[in-house]
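This briefing is intended for a reader new to the structure. Please keep the sequence and the model in view while reading the points below.

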Amino acid sequence: MTAASDRFNSAASVALNAQVDVAASSGHKDVRSLPPNLNHWYALARSRAVAEKPLAVEIWGQAIVLYRDGDGDIHALEDRCPHRQVKLSHGAVVGQNLECAYHAWQFDSQGHCAEVPYLEKNQKLPACKIRSYPTREQDGFIWVWPGDVALMQADDAGDVEATAPLEIPEWDHLNYIATVSTIDCEAHFSFLIENLMDMYHGHLHRGFQAWASAALETLEETPHQVDALYTAESYYKIDKIWSISQLFFPALRRLHPEPLRVTYDYPNWTSSLGDDFRILCLFVPISPTQTKAHLIHFVSLNAFWRLHKLPVKFRRFVKDSLFGAAQKMLDGLVREDVVMLEEEQAAYLAQPHRRPYELNRACLAVQRLIVAQALAASVESP
Ligand code: FES
Ligand SMILES: [Fe+2]
């Protein structure tokens, strides 16, 4: 270890302790119980999960109903009928409105009551309004802004650092094959993001041989990101037709050096292994002890230039037919990780004062970013 990295490590520890103290003074025990900064776009569902029926989703204690109106546009409302407080997600879409399952009151996309089927002559529509959330449909996901809308509008106007849903250009690109796995774990989101940034846990996944011999090379931090570059070894390289067979037959695998980049692009995670593989994790913190996420794995077919000359229709067919090709591996990785995350959470709840040891600078940087974002949120939305 160099003198520079020693200095960094000790500075990192001091800074982290200071930030954790700040977290404690803001009423939270430590990073394991901090709220997320909700002033960001969160991918709450896949686009295809919302068709004719409304869908109930949740983020950090907020119950939200997503629905698609008669024009196919997505909307998000508080999942609570103001009449008797039941969930609007039990209801149905009627034209442009969402109709409650109980007495059929209808609500427009802004959350205003638009119809009551049994109003008497001298009665007016009740002036109730439920919360509506800004939504965007982009790259196969429905993104919702659960925070302060004024901040989102300020960002759109360029007043503060611009925010937009994370771009996933590979989703529609014909050269990329996608696989999606879902994560639902009984653990605070900090445990999940540290797991994803700490590439020294390849040991846990040695059965899948996704990567090996990771070594952290560089680490960069900004107020919105932690970016870690590791060197690693992998058999993942899709440059020849035969190399695809390595994905399915362990005996054919040949390890070679590949750069492994992992980035906490708050509140989400992106990674790349060499030129051919990319994995993203779209976070949905549910509560201090539950986190959901979509994990998306892309394999590129960029090396197969002959394929690119084929008709778009055929390439689309290939992309769609191969969707989910890495399902077994991705689900397997998730299963192995979730066991560890839930044990970490349970151990923390049992003895929150006990400090685990941390040697990976990337994890310390992640904790600093979580604390900084939680503090930013508390300042932005007092
Ligand atoms: S509870 Fe929703 S209409 Fe009555
Ligand atoms: Fe993992």
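In this predicted model, helices α3 and α7 cross in a right-handed sense. The residues that make this contact are F191, L192 and N195 on the α3 side, and D337, M340, L341, E344 and Q345 on the α7 side. Sorted by class, the contact of α3 with α7 comprises four nonpolar, two polar and two charged residues.

**Geometry of the helix pair**

- Two packed helices are described by the angle between their axes and by the distance between those axes.
- Helix α3 covers residues 189–197 and helix α7 covers residues 327–350.
- The two helices pack at an angle of about 135°, and their axes lie 10 Å apart.
- Angles over 145 degrees would count as roughly antiparallel and those from 65 to 115 as roughly perpendicular; α3 and α7 are therefore oblique to each other.

**The seven-stranded sheet**

- Strands of a sheet pair through backbone hydrogen bonds, in either a parallel or an antiparallel manner.
- An open sheet of seven strands has the order β12-β18-β17-β16-β15-β14-β13, with antiparallel pairing.
- Its edge strands are β12 (176–185) and β13 (212–221), each of which pairs on one side only.
- On average, neighbouring strands of this sheet are turned by 15° against each other, with direction ignored.
- Strand β12 runs antiparallel to β18 (residues 290–300), and 10 bridges join the two.
- The bridge partner of I183 is A293, which lies in β18.

**Packing of α3 on the seven-stranded sheet**

- Helix α3 packs on this sheet and touches β12, β14 (225–234), β15 (256–265), β16 (268–273), β17 (277–287) and β18.
- The direction of α3 makes about 155° with that of β15.

**The three-stranded sheet**

- Three strands form another open sheet, in the order β1-β11-β10, and here the pairing is antiparallel.
- Strands β1 (42–46) and β10 (135–138) stand at the edges with a single partner strand each, so one side of each has no neighbour in the sheet.
- Neighbouring strands of this sheet are turned by 30° against each other on average, direction ignored.
- Four bridges link β1 to strand β11 (residues 141–144), and the two strands pair in the antiparallel sense.
- In β11, W143 is the bridge partner of A43.

Methods: Residues numbered from 1 in each chain as written. Chains lettered and ligands numbered in written order. Predicted model: local features only at pLDDT ≥ 70, side-chain atom pairs only at ≥ 80, totals over all residues. Axes fitted to C-alpha atoms, helices over the stretch in contact; angles between N-to-C directions. Parallel < 35°, antiparallel > 145°, perpendicular 65-115°, else oblique. Left-handed = near helix turned anticlockwise from the far one by under 90°. Contact = placed C-beta atoms within 7 Å. Nonpolar A, V, L, I, M, F, W, Y, C, P; charged D, E, K, R; others polar. Pairing = 2+ DSSP bridges.
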